[in-house]
Amino acid sequence: MESHVMDGVPRPAGTPWPKATPDVEALVREMIGRVADKWTLLILEVLEEHGTLRFTQVGEHVGGISQKMLTKTLRQMESDGLLTRTVYPVIPPRVDYTLTPLGLSLSEAFCAVWEWAEAHHAEVMAARQTFAAQAGTPEWMHDPQLPSVQDRP
């Protein structure tokens, strides 16, 4: 039987996690909703990897993000305390973004997702191929490069 570890103590699979207080549970649900979108995760990764970046540099490193969505995501991350925004009073305006210790800790937590994806990439791709074959859907519909439904206008 698979087990999970919580506070250094093994917990058998299927054993429920201790019940969180309502305020903690609400924060977890809210943060999952905010952080689980691809832009926040990609910005976390870019800032963790490159350190302090200007607005345009963040957008270039993330790639494929509109200025409007970049602004919205950066503002949300700033409001959650994940990054700091520093505005310099120069012409043209200069704005730098840096992860806070809170943002760095979240980035470290999501590092496990990247490691999982790397370790299980072949298994996921094989499962998708099997599903496509059994469901009779064309293989091209399962191309990971295609935009998901949530990415469509």
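How many bridges join E4 to E5, and in which direction do these strands run relative to each other? E4 and E5 are joined by 6 bridges and run antiparallel. The model described here is predicted. Its chain contains 5 helices and 5 strands, arranged along the sequence in the pattern β-β-α-α-β-α-α-β-β-α.

**Chain as a whole**

- The chain has 153 residues, of which 20% count as buried.
- Its accessible surface amounts to about 11,100 Å², and carbon and sulfur atoms account for 60% of that area.
- Among contacts with a separation of 6 or more, 38% are made by residues 24 or more positions apart.

**The three-stranded sheet**

- Three strands form an open sheet in the order E3-E5-E4, and their pairing is antiparallel.
- Strand E3 (53-54) and E4 are the edge strands, each of which pairs on one side only.

**Helix H4**

- Helix H4 covers residues 67-79, and its 13 residues should span 18 Å at 1.5 Å a residue; the end C-alpha atoms are 18 Å apart, in agreement with that expectation.
- The buried residues in H4 are Leu-70, Thr-73, Leu-74 and Met-77.
- Viewed down the axis of H4, these buried residues fall within an arc of 100°, and they therefore line one face of the helix.
- Exposed residues Lys-68, Lys-72 and Ser-79 are carried on the face of H4 turned away from its buried side.
- The packing partners of the buried residues of H4 are helix H2 (38-50), helix H3 (55-62), strand E4 (83-88) and strand E5 (94-99).
- After H4 comes Gly-81, which has a positive phi near 80°.

**Nonpolar core**

- The largest nonpolar core comprises 20 residues, and Ile-43 and Leu-47 touch the most other members.
- At least two residues of this core come from each of H2, H3, H4 and E5.
- The greatest contribution to the core is that of H2, which supplies 5 residues.
- With neighbours within four places in sequence left aside, Leu-47 is in contact with Leu-53, Val-58, Leu-83, Tyr-97 and Leu-99.

Terms used: Residues are numbered from 1 along each chain as its sequence is written. This is a predicted model: local features need pLDDT of at least 70, side-chain atom pairs count only at pLDDT 80 or more; totals for chains, interfaces and linings use all residues. Side-chain values use heavy atoms; hydrogens and water are left out. Helices (H or I, at least four residues) and strands (E, at least two) are DSSP runs, numbered from the N terminus. The expected span of a helix is 1.5 Å times one less than its number of residues. Buried means under 20% relative accessible area, exposed over 50%, partly exposed in between (1.4 Å probe, protein chains only). The arc is that of the directions from the helix axis to the C-beta atoms. Contact means heavy atoms within 4.5 Å. A nonpolar core is a set of buried Ala, Val, Leu, Ile, Met, Phe, Trp, Tyr and Cys residues joined through side-chain atoms within 4.5 Å. Accessible areas come from the Shrake-Rupley method with a 1.4 Å probe; for residues, only the protein chains shown count as cover. Two strands pair if DSSP finds at least two bridges between them.
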